[in-house]
Each structure stands twice: as structure tokens, then as C-alpha cells.
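Colleague: I would like to learn how to read the inside of a protein model. Could we go through one together?

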Amino acid sequence: MEGVADSEGGAVRAGGGSDGGEAVGWSVVLAAVPEFAGRVQERFGAYRHHVLATLRKDGAPRLTGLEADFRYGELWLGMMVGSRKVLDLRRDSRFSLHANPGPGADLSGGGGDVRVSGRAVEVTDPEVVARYAVAVKPPEPFHLFRAELTEAVRTYVEDSYVVLESWVPGRPLRTVRRTSDDAALRVEWDGATGE
């Protein structure tokens with residue numbers, strides 16, 4: 001399918017932008033780190049609107065609101081026709097998507113603070129777009145992008161620690177625990193601890 005990565009959600013090279021490493025579909029994240037991926041997806045599911053960061057023509061960041069949708073084992077980004085974020089992603093496909101933090105500033109419990117980064121692949125296959133439109137019923141016409149991720153990050157508070165979990169394709173889940181008094185970071189790679 002033109003403009004779409006392989007249907008199994010495998011690694012792709014999304015168009016535009018710099019190299020930035022391997023990018024994978026959401027189904028690959030789910031298979032590699034299912035518990036972490038579940039927490040990330042649950043956090044995005046807590047609210048409808050999130051914050052998308054794209055790159056303007058001059059390289060400056062642009063932040064805009066966006067509804068993100070996890071469906072068919074993928075993360076989909078739907079956008080209005082002619083929006084600036086569409087133009088940004090067509091020129092440079094790199095993005096970051098920050099989950100709506102909701103009310104308050106408490107990072108304990110719940111899902112914490114979550115974001116994903118990667119490259120957006122515009123979906124141009126009419127059958128895929130039609131299937132999405134039937135399921136989601138977005139205002140039409142619209143542009144549809146599929147997120148191919150290079151990183152997923154979750155930050156939360158546990159006891160006296162700020163905990164940062166991060167995952168990139170081809171590596172185990174990395175967990176960093178620290179307090180503001182820590183001289184060195186405590187890093188865990190899928191259970192193995194190191195400094």
C-alpha cells in the first residue's frame with residue numbers, strides 16, 4: 001500500500017526528515033514490551049485530546065491539539081485537510097505526541113506522564129482510509145497518518161523516586177529511578193540494574 005508501512009506493523013523508513021533510527025508500528029511495541037505498552041495506551045485512552053509536536057518549515061517546533069486512536073494494532077493520527085500539522089509532517093515526518101496530563105500535577109498513581117515519538121506515515125490507500133472512517137467516523141474529508149515509533153516514555157512518581165521508563169526499538173525497557181538528591185542515576189534494563 002502506498003504511503004503505508006507493511007500491514008503487520010513492522011519496521012519502516014517513514015518519508016521525510018532525518019534518519020533518527022528504526023521506526024516500528026504499535027503492534028511491535030505491544031509484542032516487545034506488552035505491560036509497558038498497555039500502560040502507555042491506557043494513559044492515552046484516559047482523555048480524547050493530546051498535544052502533537054511537529055517541525056515548522058524553519059525547524060522551530062509547532063504544538064497543536066490532536067486526537068490519537070489505537071486501533072487494529074496501530075496508533076493512528078487523524079487531521080483536518082489543509083492543517084499546518086499535515087504540511088509539517090509531509091515535509092518532515094518526525095513528531096512527538098504527549099498524552100493529555102489531565103487536571104492537577106500529580107504524577108503518582110494513574111498512568112503518569114506519557115509521550116511517544118517517531119515518524120508519521122501518511123496513509124493514502126483508499127481501503128485503509130475507508131475502514132478507518134467507518135470505525136472512527138471523523139469529520140470528512142481528513143488526512144490519516146500511522147505512527148511509526150522510535151521511542152515511548154513514561155514518567156511517574158513512586159515512593160520518593162521519580163521513575164522514567166523508556167523504550168526504543170531493538171532495546172530492552174530502560175527504567176531510571178532518582179531523587180533530586182541522587183548523585184548517580186539508578187538504571188534498570190529489563191530487570192538488570194546498573195549505574
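Modeller: This is a predicted model. Take helix H3 to begin with: the cover over its buried residues includes strand S1 (49-55), along with S2, S3, S4, S5 and S6.

Colleague: Which residues of H3 are buried?

Modeller: They are Lys-85, Val-86, Asp-88 and Leu-89. Seen down the axis of H3, these buried residues fall within an arc of 160°, so they line one face of the helix.

Colleague: What should I look for in a nonpolar core, and which residues have the most contacts inside the largest one here?

Modeller: In soluble globular proteins, nonpolar side chains tend to be buried together. Here the largest nonpolar core has 29 residues, and those with the most contacts inside it are Leu-75, Leu-77, Phe-95, Leu-97 and Val-116. Among the elements that give two or more residues to this core are helix H1 (26-32), helix H2 (34-45), helix H3 (84-91) and strand S4 (94-98). Apart from this core lies another, of seven residues, including Trp-76, Val-123, Tyr-132 and Phe-142.

Colleague: Phe-95 was on your list. Leaving aside neighbours within four places in sequence, what is Phe-95 in contact with?

Modeller: Its contacts include Leu-52, Ala-53, Leu-77, Leu-89, Val-116 and Leu-149. Leu-89 is also one of the buried residues of H3.

Colleague: Now helix H4. Which of its residues are buried, and why are they on the same side?

Modeller: In H4 (residues 126-136), the buried residues are Val-128, Tyr-132 and Ala-133. They cover an arc of only 135° around the axis, which puts them on the same side of H4. They pack against S2, S3 and S6. The face turned away from that buried side carries the exposed residues Pro-126, Glu-127 and Val-134.

Colleague: What is found at the two ends of H4?

Modeller: At the start, a side-chain oxygen of Asp-125 comes to within 2.8 Å of the backbone nitrogen of Glu-127. Just after the helix, Lys-137 takes a positive phi of about 60°.

Colleague: Where does Tyr-72 lie, and what does Tyr-72 touch beyond residues up to four places away in sequence?

Modeller: Tyr-72 lies in the loop between S2 and S3, and touches Arg-131 and Ala-135. To compare sequence with space, take Tyr-72 and Tyr-132: they are 60 residues apart in sequence and 9.4 Å apart in space, C-alpha to C-alpha.

Technical notes:
Residues numbered from 1 in each chain as written. Predicted model: local features only at pLDDT ≥ 70, side-chain atom pairs only at ≥ 80, totals over all residues. Heavy atoms only, no water. Core = buried A, V, L, I, M, F, W, Y, C linked by side-chain atoms within 4.5 Å. Buried < 20%, exposed > 50% of the residue type's maximum accessible area, 1.4 Å probe, protein only. Contact = heavy atoms within 4.5 Å. Arc of directions from axis to C-beta. Polar contact = N/O pair within 3.5 Å; in protein donor to acceptor, adjacent residues only side chain to side chain.
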